[in-house]
Amino acid sequence: MGDKWIMSRKELERKSLLEAVGSGRLFLTEAAVRMKVSYRQSKRIWKRYLEEKDAGLCHRNRGKKPNNAYPESFKQKILQRYEERYNTFGPTFASEKLEEDDGLNVNAETLRLWLKKAGLWQRKRKHHIYRERRERRPAFGELLQIDGSIHRWFDEQYHCLLNMVDDATGICLAQLDKGETTQVLLSTFLQWIKRYGIPKAVYVDLKSVYVSPKPLKEKYDDDLLIQEGFSVFEQVCKRLNIEIIRAYSPQAKGRVERKHAVFQDRLVKELNLYDIHTLESANEYLKKFLVKVNQKFAKPQHSVPDSHRDPRPYGDLKQIFCWRYKRQLRHDWTIQFKRAYYQVKKGYEHLLKPEDFILIKCYLDGSMRFWFGEAELVYEALSFKPEPPSRSKQYYERKNLTTEEITRKRTRKPKPNHPWKNFNSVWLKT
């Protein structure tokens, strides 16, 4: 493989955790919990990572064929026999009949995988899901449940209440908005971190605002977080080393679901009682309402240990809670972004050159900045689409051409063999 390494998603996550350990932002004991290994095993992984870097995280058997693998000819023979005689059999029964009648010995689970991959069999029977009540986490900030509730909070219009509930104490933080968007999610999550600290894990459902439904593409960029397959919320959590746990049913994150019922009962009545009908006034009253709800229904914060991490080592949180885009710098030092054009000011010739990729950050307050590495670039918005450098006004001025000559050069003339020049007017009369 040379200097290129193929890493799985699990190995990429381990890489980010070990980088956090190396920079002092995470203890090895915490990294062991995130990697779901024992502390002794985490020390072995850390030692190999220090010695071999990224290569030490790759599985040793990757790319090698197992010694006990069946030959490809035997596999094709089994599949052909299954299609001819046992196409209505299940894998277990088919493996028994293959051994009994045809003398072909193959494990039932191996046959099951072969049939599923070849599209010859799929599971039909469905088991009822058994759910067991999960105990609360032992520490404040160890797990944060997040969910949005679409409801008629005031008047007849539907709005979204984004609610965050701590699993150990039941302390909640909420904000109203027009919909369950990334904007309200990041702004509410930023408020939580500024008030309490960085939680260890978050519990969310499968909405695309939390986790992207797209699989991680095999694109190995310098910045692994700017890839197709990561939502903005996932990018923020990875930069802060926050584990994302997916909930596959409403019952899994029942505490935040039950908290929705409290809000839909009490908050709606209080908003109607105090004649509040706008989003701004409702969010202003929500601050007082949250204090009362936490005092009545949540456990005291000091009753359990606090596992929140200090956000100060991560620097300016504004640079983390933002949308990130990459755009290529043109030869005339302009950038196109969201159907608009921007001109990068002069003075960065020593730093970057055309065709370099510029990082565009869009912040929660609506502002936008251009970055190249650690340097912030000064730019201005253009009210027109810039012309190509070869036909720009400065180019013609250097050639000392008149206005008529410029117009003549800019006008495109069709070639002599153009199809339109072969048009015969006689065809219209026939």
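Predicted model: local features only at pLDDT ≥ 70, side-chain atom pairs only at ≥ 80, totals over all residues.
Student: What classes of residue line the second largest pocket?
Tutor: By class, that lining has 6 nonpolar, 2 polar and 10 charged residues. Asp, Glu, Lys and Arg count as charged; Ala, Val, Leu, Ile, Met, Phe, Trp, Tyr, Cys and Pro as nonpolar; the others, Gly among them, as polar.

Student: And what is the volume of that pocket?
Tutor: About 490 Å³ for the second largest pocket. A pocket is an open set of points on a 1 Å grid over the protein atoms alone, where a 1.4 Å probe fits, with protein on both sides within 12 Å along at least five of seven lines; lining residues have an atom within 4 Å of a point. The volume is the space filled by probe spheres set on the points, which are joined across faces, edges and corners.

Student: How far apart are the C-alpha atoms of Glu13 and Arg34?
Tutor: They are separated by 9.2 Å. Along the chain, Glu13 and Arg34 are 21 residues apart.

Student: Which residues of helix 2 are buried?
Tutor: Leu28, Ala31, Ala32, Arg34 and Met35. They cover an arc of only 165 degrees around the axis, so they sit on the same side of helix 2. The arc is that of the directions from the helix axis to the C-beta atoms.

Student: What do they pack against?
Tutor: The buried residues of helix 2 pack against helix 1, helix 3 (39-52) and strand 5. Just after helix 2, Lys36 takes a positive phi of about 60 degrees.

Student: Where else is phi positive in a residue other than glycine?
Tutor: Asp275 is one of them, with phi near 55 degrees. Asp275 is in the loop between helix 9 (254-273) and helix 10 (279-297). With 55% relative accessibility, Asp275 is exposed. Lys338 also has a positive phi, near 55 degrees. Lys338 lies in the loop between strand 7 (334-337) and strand 8 (340-344).

Student: Is Lys338 buried or exposed?
Tutor: Lys338 is exposed, with a relative accessible area of 58%.

Student: New topic: helix 4. Which residues are buried there?
Tutor: Phe74, Lys75, Ile78, Leu79 and Tyr82. Down the axis of helix 4, the buried residues fall within an arc of 135 degrees, so they line one face. They pack against helix 5 (91-101) and helix 6 (108-118). The face turned away from that buried side carries the exposed residues Ser73 and Glu84.

Student: What about Arg85?
Tutor: Arg85 is in helix 4 too. Its relative accessible area is 41%, so Arg85 is partly exposed. Not counting residues up to four places away in sequence, Arg85 touches Asp101 and Asp102. Contact means heavy atoms within 4.5 Å.

Student: And Asp166: buried or exposed?
Tutor: Asp166 counts as buried, at 0% relative accessibility. Asp166 is found in strand 2 (residues 157-166). Leaving aside neighbours within four places in sequence, the contacts of Asp166 include Phe140, Ile171 and Trp192.

Student: How many helices and strands does the chain have?
Tutor: The chain has 13 helices and 12 strands. Of its 430 residues, 42% count as buried.

How values were computed: Residues numbered from 1 in each chain as written. Heavy atoms only, no water. Buried < 20%, exposed > 50% of the residue type's maximum accessible area, 1.4 Å probe, protein only. Helix = DSSP H or I, 4+ residues; strand = E, 2+ residues; numbered from the N terminus.
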